[in-house]
Amino acid sequence: QVQLVESGGGLVQPGGSLRLSCAASGSIARLYTMGWYRQSPGKQRDLVASISSGGSLNYADSVKGRFTISIDIAKNTVYLQMNSLKPEDTAVYFCKALAATMTGPPYAYWGQGTQVTVSS
């Protein structure tokens, strides 16, 4: 089993910055990709950014140039640096990891979510 613990959400003014962290723990044999998704009330959960263990990056068009995803493989931790935040970035942000455990095949694990609110 793999557990994901997110931190770093909160309230920020438009134009401000936040940094989200997500640490994966458990019997991880291999970490394939980690990423961030977000969901607003009444909307579907959408990809924000993802990164593979090899460093391949993927960003939603709406966050390109403002958000940066990075990973510390040694710590099994993914970060999302969010700059120039806009009110439309307000959502619950979820961490996702595709990982194989010592006893199981690759599986997608989700964190509990962290609220990001951009408001003046």
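In which strand is the place of Val 12? Val 12 sits in strand S2, residues 10-12. The legends below describe a predicted model, in which local features need pLDDT of at least 70, side-chain atom pairs count only at pLDDT 80 or more, and totals for chains, interfaces and linings use all residues. Residues are numbered from 1 along each chain as its sequence is written, and side-chain values use heavy atoms, with hydrogens and water left out.

View 1. Strands (E, at least two residues) and helices (H or I, at least four) are DSSP runs, numbered from the N terminus. Val 12 is buried, with a relative accessible area of 11%. Here buried means under 20% relative accessible area, exposed means over 50%, and partly exposed lies in between (1.4 Å probe, protein chains only). Leaving aside neighbours within four places in sequence, Val 12 is in contact with Ser 17, Leu 18, Leu 85, Thr 117, Val 118 and Ser 119. Contact means heavy atoms within 4.5 Å. Val 12 and Ser 120 are 108 residues apart in sequence, and their C-alpha atoms are 7.6 Å apart in space.

**View 2. The largest nonpolar core, with 31 residues.** A nonpolar core is a set of buried Ala, Val, Leu, Ile, Met, Phe, Trp, Tyr and Cys residues joined through side-chain atoms within 4.5 Å. The members that touch the most others are Leu 4, Met 34, Trp 36, Leu 80, Met 82 and Tyr 93. Among the elements that give two or more residues to this core are strand S1 (2-7), strand S4 (28-39), strand S8 (77-82) and strand S9 (91-101). S9 gives the most, with 5 residues.

**View 3. The contacts of Met 82.** Apart from neighbours within four places in sequence, Met 82 is in contact with Gly 16, Ser 17, Leu 18, Leu 20, Arg 66, Phe 67, Tyr 93 and Val 116. Of these partners, Tyr 93 is, like Met 82, one of the core residues that touch the most other members.

**View 4. The disulfide between Cys 22 and Cys 95.** A disulfide is a pair of cysteine sulfur atoms within 2.5 Å, and by this rule the count comes to 1. The S to S distance between Cys 22 and Cys 95 is 2.1 Å. Cys 22 lies in strand S3 and Cys 95 in strand S9, so the pair ties together parts that are 73 residues apart in sequence. The torsion about their S-S bond is about -85°, so the disulfide is left-handed. Both Cys 22 and Cys 95 are buried.

**View 5. Arg 38, Arg 66 and Asp 89 in one salt-bridge network.** Side chains of opposite charge can pair when their charged atoms come close. A salt bridge is a side-chain nitrogen of Lys or Arg within 4 Å of a carboxyl oxygen of Asp or Glu, and the structure holds 3 of them. Arg 38 meets Asp 89 at 2.9 Å, N to O. Arg 38 lies in strand S4 and Asp 89 in the loop between S8 and S9, so this pair ties together parts that are 51 residues apart in sequence. Arg 66 also forms a salt bridge with Asp 89, with the closest N and O atoms 2.7 Å apart. Arg 66 lies in the loop between strand S6 (57-59) and S7, 23 residues from Asp 89. What is the relative accessibility of Asp 89? The value is 0%, and Asp 89 counts as buried. Arg 38 is buried at 14%, and Arg 66 is buried at 11%.

**View 6. The salt bridge of Lys 64 and Asp 61.** The side chains of Lys 64 and Asp 61 meet at 3.0 Å, N to O. Asp 61 counts as exposed, at 65% relative accessibility.
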